[in-house]
Amino acid sequence: MNKKAGPLFYLFLAGFLVVVLFPFIWQALTALKPPGELFGASAFKPFPDNPTLNNFSSVFTQRPFASYLLNSTIVALLTTVYCVFIASIAAYAIARLRFWGKSVVLGVVLAVSMFPQIATISPIFMFMQDVGLTNSYLGLIIPYTTFALPLALWNLTVFFRKIPFDLEEAAKMDGASTMQTFWKVIFPLAIPGTFTTAILVFIAAWNEFFFALTINTDEAMKTVPVGIAMFQGRFTIPWAEISAASVIVTIPLVIMVLVFQRRIVSGLTAGAVKE
């Protein structure tokens, strides 16, 4: 019989949440402060004396922040769709089919993902420059696959391996081909894992900074992380605007996780018994 959690557990849980959420809460409170309260004794006050939303509006009116958001959204979405699609087929082959060299393929994928960006940025930038893909969406999507595709492949391989093989054998006995078995039987059961992988890939692409800083130098093609980093001027750093922009770009990720949380936590094989 399971015991009920005691007060110490809830006290520990509350403290843990405070520690985890403190940076975001402090960032949000800083975004509400006018410039005069960012320094001196007022900077240590948790709540602003004269809260204002001017920092949020100035992010859009004084800077091309809407363009940054659009660029990040397009690049992250296309990267996610492409990587999850390719990784789904590859993960199905690695997890469900028998062929020589599966461990070698996973090892190579892992080795590629372990290369630091600083070691690959030079040849990637030269290639993108030679083919004319700098300052373009495709010029970021292609390099993003170097870290997003291995992440998606490893995650989806684990999810596909947990699906019972009996379902696949039953489909083949009914005359389904390998691809029909994948699309009509295996993939629908792996949707929770696919959603989890897609969210992880989207967040990784959304937050990527180094490739975006190097390849897309045009102001109109910058993504959110690069745009926020360039907020600082020659002599001043607009901390309140940076905080407001950070809050704005975090909200879509939080909403996305909350919307799809039921799919993320649902069982991988639940679809096999549900009507």
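## Secondary structure

The protein contains 13 helices and zero strands, where helices (H or I, at least four residues) and strands (E, at least two) are DSSP runs numbered from the N terminus. Read along the sequence, the pattern is α-α-α-α-α-α-α-α-α-α-α-α-α.

This is a predicted model, in which local features need pLDDT of at least 70 and side-chain atom pairs count only at pLDDT 80 or more, while totals for chains, interfaces and linings use all residues. Residues are numbered from 1 along each chain as its sequence is written, and side-chain values use heavy atoms, with hydrogens and water left out.

## Overall dimensions, surface and charge

The C-alpha trace spans about 75 × 65 × 30 Å along its principal axes. Of the 275 residues of the protein, 36% count as buried; buried means under 20% relative accessible area, exposed means over 50%, and partly exposed lies in between (1.4 Å probe, protein chains only). The protein exposes about 16,200 Å², of which carbon and sulfur atoms supply 70%. Such areas come from the Shrake-Rupley method with a 1.4 Å probe, and for residues only the protein chains shown count as cover.

Contact means heavy atoms within 4.5 Å. Among contacts between residues at least 6 apart in sequence, 75% join residues at least 24 apart. The protein carries 17 positive and 12 negative side chains, and the centres of the two sets lie 9 Å apart. Lys and Arg count as positive and Asp and Glu as negative, whereas His and the chain ends are not counted; the place of a charge is NZ of Lys, CZ of Arg, CG of Asp or CD of Glu.

## Annotated transmembrane regions

An unreviewed UniProt entry gives the annotation "transmembrane region" to residues 7-29, 68-92, 104-125, 137-160, 181-206 and 239-260. UniProt positions are given in the numbering used here, feature names are shortened, and annotations may be inferred rather than shown by experiment.

Two of these spans may be described in the model. Residues 104-125 are 86% helix and 0% strand, with end C-alpha atoms 28 Å apart. Residues 239-260 are 95% helix and 0% strand, and their end C-alpha atoms lie 32 Å apart.

Helix 9 (residues 191-207) has 17 residues and reaches 24 Å from its first C-alpha to its last. This is close to the 24 Å expected at 1.5 Å a residue, the expected span being 1.5 Å times one less than the number of residues. Its buried residues include Pro 192, Gly 193, Phe 202 and Trp 206.

Ser 72 belongs to helix 3 (residues 65-96) and counts as buried because its relative accessibility is 3%. Setting aside residues up to four places away in sequence, Ser 72 touches Trp 206, Thr 223, Val 224 and Pro 225. Val 81 also lies in helix 3, but it counts as exposed, since its relative accessibility is 56%. The C-alpha atoms of Val 81 and Ala 198 are separated by 7.7 Å, although these residues are 117 residues apart along the chain.

Thr 181 is placed in helix 8 (residues 178-189). With a relative accessible area of 0%, Thr 181 is buried. Apart from neighbours within four places in sequence, Thr 181 is in contact with Tyr 92, Glu 168, Ala 171, Lys 172, Ala 176 and Ile 186.

Asn 135 lies in the loop between helix 5 (117-130) and helix 6 (138-161), and its relative accessibility of 30% makes it partly exposed. Asn 135 has a positive phi of about 55°, although it is not a glycine. Most residues other than glycine have a negative phi.
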